[in-house]
Amino acid sequence: MDLSFWLPLFFAGAMGLALLIYVLLDGYDLGIGVLLPFASDDEKDLMIGSIGPFWDANETWIVLGVGILLIAFPQAHGIVLTALYLPVTIMLMGLILRGVAFDFRVKAGDARKGMWNALFAAGSLIASAAQGWMLGAYITGLRDDTTGLLFSALIAVTLPALYVLLGSAWLLIKTDGVLFEKAIRWGRNALLPMGLCLLLVSVATPLVSSVIADKWFTLPNAIGLLPIPLITATAYAGLVWLFNSPVILRSGYGWLIFAALTVICVMASIGLGYSLFPEIIIGRLDLWEAAAATESLLFIFWGTVITLPAILGYTFFIYRVFRGKATALSYD
Amino acid sequence: MELDPFMLARMQFAANISFHILFPTITIGLCWILLYFRVRFTLSGDKAWEYAYSFWVKIFALSFALGVVSGITMSFQFGTNWPGFMERAGNIAGPLLGYEVLTAFFLEASFLGIMLFGKERVSNRMHLIATALVAIGTTFSAFWILSLNSWMQTPAGYRIEDGVFFVESWWEVIFNPSFPYRFFHMLNASLLTAAFLIMGISAWRALKQVDGPATWRVMRTGAAMATLLAPLQIWIGDLHGLNTLEHQPAKVAAMEGIWETENGAPLTLFGFPDEEAKTTHFAIKVPKLASLILTHEWDGEVKGLNEFEGTTPPVAPVFWAFRVMVGIGVLMVLVGWWASFVLFRQPQESRGEHPWLMRALSAMTFSGWIAVLAGWYVTEIGRQPWVVNGLLRTSEVVADHAAATLMGTLLGYVGLYIFLLISYIAALRYLATKPARSLSLLPQAQRFHKAEEEGA
């Protein structure tokens, strides 16, 4: 078996998986941050309570994703992060603000709670939009012409809408009563912009890059790929139907929303992975050109094979410990 | 000072990493202290230990959050500011950072949830295990990152092909020559920082007469730690210095302000190093002492800065930072012994009789921070102009950003960090004064509040 061929492939898959998990997990807590201003004070405590035990570990998935980029594809890491210097900086400031606001809002005294709530929401929105911008720029192969910038701006709007939906979906699992009803409303409102943007992104991606267009719209590939848009469309239709049948959601099936969103995100990841492969930066660098030395990859490969299942295992354990409806958290 | 992009990139990285290190320094040490409180409570069933845990775990969580978010910044800054470092040394740096994420970050971030919010949901034993796992996680994290930093100071186990580093032996990379010294020096620094933090805030509470049943015990815990660990730190520091002399003599020459190679070199206590004139003005010297300390011989040879033309670090910051670190270290020994002498012979009721000790301790609350920053400035500025000592220059790996971009983001970061630091210290003050009321969201909180009143 040729390790110098397989190891970069393995790490590309692991990076994709880490970033997908990041979007799903940190997505819901970022989304809850964006939704915070629309809730009453008691509801705010409950919303924060529902993400309290999880957000820290959720955020670690982006460190792993970027970490793998750095470990396995150091050449690409340098190019991507240098090109995305400003959006990365803005995202980091957003993440810093929301991460600390989470603690400060209950520890800095009641007089300042309002300010920290506002910073939590602002930080979440800034980080979400900046991540969208980065994703957009990455898909275009880091183009900095008008088309590239417009496309980045488009995704900068999409991703927060997706996060808001994930946040609503999380609240449908973790809350009941008034907040639950609000979550249905929030989710329903975010559904249309998110769907519209998803559609635009799907149309725009092949338009922005002719390489991607060729991959999707030539026979017989196009037929084999058909399940991806079909499943996505079905899941989206399911979301629309569920949000308009709140009786189903109220009778304990709130988790279906999160499941449908997961399906959409998985399909989007497969689609994106297919579009990019085997490049790691479109038109510039492929996986193997960007890869680190095989002996370095092998050393971290064993670590990954052993620790990643353990991480998934105890993540599952933590979610089990804190299952059920959320309560406002106390640090006592 | 001329602000070229290279200097700005270094200042930005320095600002980020200086802000970041403040919080892990607290959490690595504090987590082991929390585990100690937790174990004492489990063994004795004494509510005071539980109170100590629940008070300090709040401060731990806040410090941890600041460490996490500023740490995420660090993981991106390698790429945004120093892409050349990853392109050249990525084969070595990458896996070490990767192991930090895989073995430490997830462990601490995940079990922190149970530690903070899980007391009602898991068994007492599981809660104790979660606390232990977070403590182990923070220490693993220090292990990997200090291994990488030490490798940059004393590279080993590598070969270079076309300017790119490749690994020859992972064992030699991880356990490179300066790693054991730096690792234990930093772990101990973290324990000391946490010891003075818990003593400082407890003393402040005693002065304000808002102390609870556990305050005196917490102060004693800190005093016992300081009494043992502060002298230990000076010993480890000495060993670390000998190791640095062997591998990075230019750094030691800058620390000591020694310009000419000498046998029986004097120790400069104070003075003003002048790089232009290559001399230290108004130096107060103790004959032969530098040779004795560094070589453990009266007439040992100490190399001067002039031997390392073109590869010397900036002298004044290294020289001054070293004196700040050592000065605080000595102060820690003295105050630590004083605290133990008083606290272990007196009951809590006597606190009003020792206002000067209480004031001294509360003045020393953040002394660990200053010593740790000073220590890191010695070792990091002392490594310049190299990013990988002797092999790769910092200027070779810098990213190509416009000075204006770097200046703008630098100001953004610094502004944000100042705001957060003020908020952090204000929150600590607030928690110290009104520990139970601020968080009384659940009936449980009132229970502690009551316990505190009864005990006080």
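This is a predicted model: local features need pLDDT of at least 70, side-chain atom pairs count only at pLDDT 80 or more; totals for chains, interfaces and linings use all residues.
Student: What area is buried between chain B and chain A?

Tutor: The buried area is about 6500 Å², and carbon and sulfur atoms give 75% of that area. Phe76(B), Phe106(B) and Phe117(B) supply 13% of the area that chain B buries against chain A, more than any other three residues.

Student: How many salt bridges does the rule find across the interface of chain B and chain A?

Tutor: The rule finds 1 salt bridge across that interface. A salt bridge joins the side chains of Glu295(A) and Arg159(B), with an N to O distance of 3.5 Å.

Student: Now the helices. What describes two packed helices?

Tutor: The angle between their axes and the distance between the axes describe them. Take helix H3 (residues 55-72) of chain A and helix H2 (residues 47-81) of chain B: their axes come within 10 Å and cross at roughly 15 degrees. Because of that angle, H3(A) is roughly parallel to H2(B); angles under 35 degrees count as roughly parallel. The crossing of H3(A) and H2(B) is left-handed.

Student: Which residues make the contact of H3(A) and H2(B)?

Tutor: On H3(A) they include Ile62(A), Val63(A), Val66(A) and Leu70(A), and on H2(B) they include Phe64(B), Val68(B), Ile72(B) and Phe76(B). By class, the contact has 12 nonpolar, 1 polar and 2 charged residues. Phe76(B) is also one of the three residues named above for the area that chain B buries.

Student: At what angle do H1(B) and H2(B) pack?

Tutor: Helix H1 (residues 5-44) of chain B packs on H2(B) at about 155 degrees, with the axes 7 Å apart. H1(B) is therefore roughly antiparallel to H2(B), since angles over 145 degrees count that way. The crossing of H1(B) and H2(B) is left-handed. Their contact has 24 nonpolar, 12 polar and 4 charged residues.

Student: How do H2(B) and H7(B) cross?

Tutor: The axes of H2(B) and helix H7 (residues 215-247) of chain B come within 9 Å and cross at roughly 75 degrees. That angle makes H2(B) roughly perpendicular to H7(B). Ala48(B), Trp49(B), Ala52(B) and Trp56(B) of H2(B) meet Arg217(B), Val218(B) and Thr221(B) of H7(B). By class, this contact has 5 nonpolar, 1 polar and 1 charged residues.

Student: How many salt bridges does the structure hold over all chains?

Tutor: Over all chains there are 19 salt bridges. One of them pairs Arg105(A) with Asp45(A), with the closest N and O atoms 2.7 Å apart. Arg105(A) is in helix H5 (residues 85-107) of chain A and Asp45(A) is in helix H2 (residues 41-51) of chain A, so the pair ties together parts that are 60 residues apart in sequence.

Student: The backbone is left. Where does Pro278(A) lie?

Tutor: Pro278(A) is in the loop between helix H13 (255-276) and strand S1 (279-281) of chain A. A cis peptide bond joins Phe277(A) to Pro278(A), with omega about 0 degrees. In chain B, a cis peptide bond joins Gln384(B) and Pro385(B), with omega about 5 degrees. Pro385(B) is in the loop between helix H12 (367-381) and strand S7 (386-388) of chain B.

Student: What is the phi of Leu142(A)?

Tutor: Its phi is positive, about 65 degrees, although Leu142(A) is not a glycine. Leu142(A) is in the loop between helix H6 (113-139) and helix H7 (146-174) of chain A.

Methods: Residues are numbered from 1 along each chain as its sequence is written. Chains are lettered from A and ligands numbered from 1 in the order in which they are written. Side-chain values use heavy atoms; hydrogens and water are left out. Axes are lines fitted to C-alpha atoms, for helices over the stretch in contact, and angles run from 0 to 180 degrees between N-to-C directions. Helices (H or I, at least four residues) and strands (E, at least two) are DSSP runs, numbered from the N terminus. Angles under 35 degrees count as roughly parallel, over 145 as roughly antiparallel, 65 to 115 as roughly perpendicular and the rest as oblique. A crossing is left-handed if the near helix is turned anticlockwise from the far one by less than a right angle, and right-handed if clockwise. Contact means heavy atoms within 4.5 Å. Ala, Val, Leu, Ile, Met, Phe, Trp, Tyr, Cys and Pro count as nonpolar, Asp, Glu, Lys and Arg as charged, and the others, Gly among them, as polar. Buried area is the accessible area (1.4 Å probe) that two parts lose on being put together, summed over both. A salt bridge is a side-chain nitrogen of Lys or Arg within 4 Å of a carboxyl oxygen of Asp or Glu.
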